[in-house]
Amino acid sequence: MTHTLRPLLRALLCALVATVALYSSRLPGLHAYAQQTAESTESLGVFLTWKDDPTSSIVIDWQTAAADAREAVTWRKVDSDHWFTTDAGPVHFPGSERHAYRASLENLEPATTYEFRAGSAGRVYRFRTMPREMDRDILFAAGGDTRHTQEMMEKTARQAVLHDLDFIIIGGDLAYADGNPANVNRWHEWFDAYQTLIREDGRVIPMVASIGNHETSTAYFHRATDFENSDAWRERVAPFFFNLFAFPGHPGYGALDFGNYLTLLALDTDHVTPIDGAQRSWLEERLEQRSDVRHIFPFYHVPAYPSVRRFDGSVSTRVRQHWVPLFEQHNIRLVFESHDHAYKRTHPIRSGVVAENGIVYMGDGAWGVGVREIGREHDEPAWYLAQAASVRHFILVRLEGDAIHAETIDEDGNVIDRWAAGL
Ligand SMILES: [Fe+2]
Ligand SMILES: [Fe+2]
C-alpha cells in the first residue's frame, strides 16, 4: 500500500465508525443492549399482565437473583430489524431476596406478535396484543386457587399451555402466602410455576388476577380491627397482591376492556374492600356504561353459589344480595367463581331459581389445590348445581361471535364438562 493511499483509507475508516456510532445511537437501546448482554443477570422468569387496553399495551414483570444491570425491556415486532427500549422500575417484593422489575409497553399495534428481552438476560420471549375488533375467536382459561404446591399448579398449567390462549383469569387465592412476608417462598414457587405458561415459541400467556382471602393477612376486611379504606391499609394486609400485580391495583377491583367486544370485571369479595357500598356502585356504573359490550365476565373469589361450602355463608349471601341482581339486570351470561376447591357449573339461575334465561356460574377454584368433597357443608344436594366434581381443572372458554363455548379440562387433560350459550 502506498503512503498516499494510507491517510485516505484511515479517513474512510473514521467516517465509517462515526456513521455506525451515530446510527446505533438513534436505534433505541441497541448500543447499550449490546454492552449489557455481555454481563447478563440470571433471570428467574417473567410475568405478563395488563392494566390498560390489551389491544395496544402490555405489562412485563420479571425477577432476577441479583440486581439486574439493566432496568429496561428491549422489544420489537416479530421480523422487524428495529429494537426499542422501554425503561422499567423496581417492584417491591416483600420479604424476598429476589429483585423484581416492571415495564409497561404502550402504543403497540393491535393483533401483533412482539418479541422482547427483559433486563439483561438473553432469552427472547414473545407476547401478542389483542385484536381491536373481534374478527377472530377469543380463547382464554379461567380458574382460581392456584398453588397449594408448585407441582399441582404446574400440572394444570401444562394442560392449559397446550391451548393457544389469549390470556388466563384467576379468581383469587394465588400463592397462599396470606400476605405474610415470611411465606415469600410460596410466591417464588408461584412465579416459578407460572413459567410453565410459556408456549414453545416463547409466547408468554398473560394472566389477570383478582384478590382472594389467602392474598391477605386478615382474609376478610371485617375481621380486621384496624380496617380503613386506604391504599396504605390494603398494602399492609395484602402486600404481595398490590405490589406484584399491576392490575387491578387499588382499591382491589377493576375493569379491563378489550375493544368493545369484551370486558373482564375483577371483583373483591370482602377481602380488602366491602362487596356493598362503593364497590357495588362502581360495578353498577361499569355495567351501565358497557351495555353495548358483547361479552362481559365478572370473576371473583367467594362464590354466590358454592359447591362445597354453605349456601347461607355470609359472604356468599352478600354476593347474591348486592351483585347478582346487577348481573341479572345487565344480562350477564357467565360468571366465574372460586374459593371452594372443586369444580362446579350451575344451572342457569335468575331471581334465585333455575330459569332458561338465567346466569351460569362456573368455578369453583381448583387449579392447583387439594380438592374438597362436593356438598361437604350442604344438608341436601344443592338445587343449583348442574355439574360438580372434586377435581383440579381449568375452564377453557372460546368466544365465537355472540357464542360462548366452555370446556372444563382436568389436570390430566381430560374434558370433564362442556357448556355453550348463544349458539
Ligand atoms: Fe379462598
Ligand atoms: Fe383457596
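The twelve residues that line the largest cavity of this structure divide into eight nonpolar, three polar and one charged. Here Ala, Val, Leu, Ile, Met, Phe, Trp, Tyr, Cys and Pro count as nonpolar, Asp, Glu, Lys and Arg as charged, and the others, Gly among them, as polar.

Please note that the model is predicted: local features need pLDDT of at least 70, side-chain atom pairs count only at pLDDT 80 or more, and totals for chains, interfaces and linings use all residues. Residues are numbered from 1 along each chain, chains are lettered from A and ligands numbered from 1 as written, and side-chain values use heavy atoms, without hydrogens and water.

What is a cavity? On a 1 Å grid over the protein atoms alone, a cavity is a set of points where a 1.4 Å probe fits but cannot get out, and lining residues have an atom within 4 Å of a point. Points are joined across faces, edges and corners, and the volume is the space filled by probe spheres set on them.

The whole structure holds two cavities of 30 Å³ or more. The largest has a volume of about 80 Å³, and its lining includes F47, W62, A100 and Y101. Strands β1 (43-49), β2 (58-64) and β6 (99-105) each give two or more residues to that lining, and β1 gives the most, with four. Strands are DSSP runs of E with at least two residues, and helices are runs of H or I with at least four, numbered from the N terminus.

Let us look at one lining residue. A100 lies in strand β6 and is buried, with a relative accessible area of 6%; buried means under 20%, exposed over 50%, and partly exposed in between, for a 1.4 Å probe and protein chains only. Among the residues that A100 touches are W62, Q63 and F93, where contact means heavy atoms within 4.5 Å.

The second largest cavity has a volume of about 70 Å³. Of its 15 lining residues, A142, G143, G144, E337 and S338 lie nearest its centre.

Which residues coordinate the iron ion (ligand 2)? They are D145, D173, Y176 and H341, at 2.1 to 2.2 Å. Donors are N, O and S atoms within 2.8 Å of the metal (3.2 Å for Na, K and Ca); water is not among the atoms, so sites may look incomplete. D173 also coordinates the iron ion (ligand 1), 3.3 Å from ligand 2. Both Y176 and H341 are buried.

Technical notes:
1 Å grid on protein atoms, 1.4 Å probe; cavity = no way out; pocket = protein on both sides within 12 Å on 5 of 7 lines; lining within 4 Å. Lists of a residue's contacts leave out its neighbours within four places in sequence.
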